[in-house]
Amino acid sequence: MSSAAVLSLPALARAVQNSSTPYQRPKLKITDIRTAEVMVHGLQTHVRVYTDGGLFGEGEATDAAQGTVGVMRMFRRFLVGQDPLNVEALWERLRTTGIFAGAQGGQYITALTGLEIALWDLAGKALGLPVYQLIGGKFRDRVRMYCDSDMEDPMSDEATRKLEWIRTNGFTAMKMDIDEAKDPARFDAVNWTASNGEIDRMVKWVDHIRGAVPKQIDLAVDMHGRYDATTGKRVAIALEPYRLLWLEEPVPPDNIDAMADIRHSTKTPICCGENLYMRWGFRELLEKRAADIIMPDIQKVGGLAEAKKVADLAHTFFVPFAPHCVVSPIGTMASAHVCVAIPNFLVCEWHWINHLDLWRNFVKEGEIIHQGHISVADRPGLGIEMNEEAARKAQVPGSTWFEPNTQS
Ligand code: MG
């Protein structure tokens with residue numbers, strides 16, 4: 001029997017680490033995991049992984065972030081003392097040990113995502129390389145962003161001002177919402193079968209916006225997964241003349257066959273996936289050809305390496321990758337590192353048009369979007385640093401701010 005066969009896994013990991021020379025691989029141990037919560041477009045949890053070497057890495061999780069601080073405390077018990085550079089091994093260990101605790105999606109995977117992003121930032125800082133380099137290198141230097149217009153009413157003066165802002169700021173794509181709970185043509189407050197009046201209103205909104213922005217600006221339209229299958233099909237067909245970039249989640253993503261029916265009934269490209277988790281969440285969607293474009297949220301799908309694996313899986317179906325993104329410049333830059341490192345990147349979301357001051361001050365680098373694009377940072381790690389004074393303006397009232405954990 002070989003000597004390796006009698007070693008336990010942790011002992012084997014130690015042996016591998018000890019056989020590396022110091023200049024090839026720094027020896028670090030995780031000493032603490034700390035969090036801070038901010039409320040901007042929903043709730044974001046910022047995660048910091050501290051080490052005995054004095055370095056820390058920073059990540060951001062969103063959307064399903066409520067309650068992730070508690071999940072992180074549970075992760076911390078396993079992580080303290082571990083080598084932070086084995087990013088994927090730590091991720092897999094936490095995922096597989098959590099399969100009875102919700103590690104299929106939701107808060108558990110969202111917390112794991114924020115942690116994983118912080119580990120990559122830390123690894124980059126420890127090794128002196130940008131994160132995109134660690135996950136395979138660059139296909140492109142710049143990331144094309146689309147502006148979510150976040151319009152209350154597309155026919156209003158507010159909308160006209162926003163469209164002008166989107167155009168003059170050099171965006172080449174934008175998104176609008178057409179689901180409207182307060183539509184007077186709705187017959188029922190609960191059921192989302194759209195009436196003819198509602199479908200006419202949706203078409204009118206899209207017609208107005210499509211006519212108001214130059215043809216070179218692509219238009220995506222979101223239905224937020226609220227409607228039923230018959231409505232989804234009718235709206236997708238009614239919007240065909242507008243040559244949309246995509247129609248987003250005409251039905252909820254929970255029934256892939258229903259999504260596939262819509263996709264196969266229309267020429268309008270269907271986009272789906274902001275509420276799906278990890279590779280397993282996207283497998284059936286891709287196998288059933290239910291979406292033309294996928295849109296994982298990189299701050300909750302599982303992390304940067306996981307997002308890249310989802311993108312690679314989609315690439316085997318020749319499906320492009322257009323991530324959902326509603327986070328601060330820290331998480332957005334983390335997304336940018338993935339977007340430059342995959343072949344099938346289409347466009348990435350930006351959703352802070354209603355929070356411009358906070359956006360521009362949230363990090364020490366200031367504005368990171370120029371002419372509708374992000375140039376991926378070339379500094380070690382994510383290459384971006386929080387301006388805490390500005391960020392704390394959005395701190396969740398009563399929450400703690402990267403408070404050290406004293407209990408083991
Ligand atoms: Mg959406």
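Me: Before we start, what does "buried" mean here?
Reply: Buried means under 20% relative accessible area, exposed means over 50%, and partly exposed lies in between, using a 1.4 Å probe and protein chains only. This is a predicted model, in which local features need pLDDT of at least 70, side-chain atom pairs count only at pLDDT 80 or more, and totals for chains, interfaces and linings use all residues. Residues are numbered from 1 along each chain as its sequence is written, and side-chain values use heavy atoms, with hydrogens and water left out.

Me: Are Asp-222 and Glu-248 buried or exposed?
Reply: Both Asp-222 and Glu-248 are buried.

Me: And which residues coordinate the magnesium ion?
Reply: Asp-222 (OD), Glu-248 (OE) and Glu-274 (OE) coordinate the magnesium ion at 2.0 to 2.3 Å. Donors are N, O and S atoms within 2.8 Å of the metal (3.2 Å for Na, K and Ca); water is not among the atoms, so sites may look incomplete.

Me: What spacing do the donors follow along the chain?
Reply: The spacing of the magnesium donors is D-x25-E-x25-E.

Me: New topic: in what order do the three strands of the open sheet come?
Reply: The order is 1-2-3, with antiparallel pairing. Strands are DSSP runs (E, at least two residues), numbered from the N terminus, and two strands pair if DSSP finds at least two bridges between them.

Me: Why is one side of strand 1 and of strand 3 left without a neighbour?
Reply: Strand 1 (30-40) and strand 3 stand at the edges, each with a single partner strand, so one side of each has no neighbour in the sheet.

Me: How many bridges join strand 2 to strand 3?
Reply: Seven bridges join strand 2 (residues 42-51) to strand 3, and Tyr-50 stands opposite Phe-56 in strand 3.

Conventions: Helix = DSSP H or I, 4+ residues; strand = E, 2+ residues; numbered from the N terminus.
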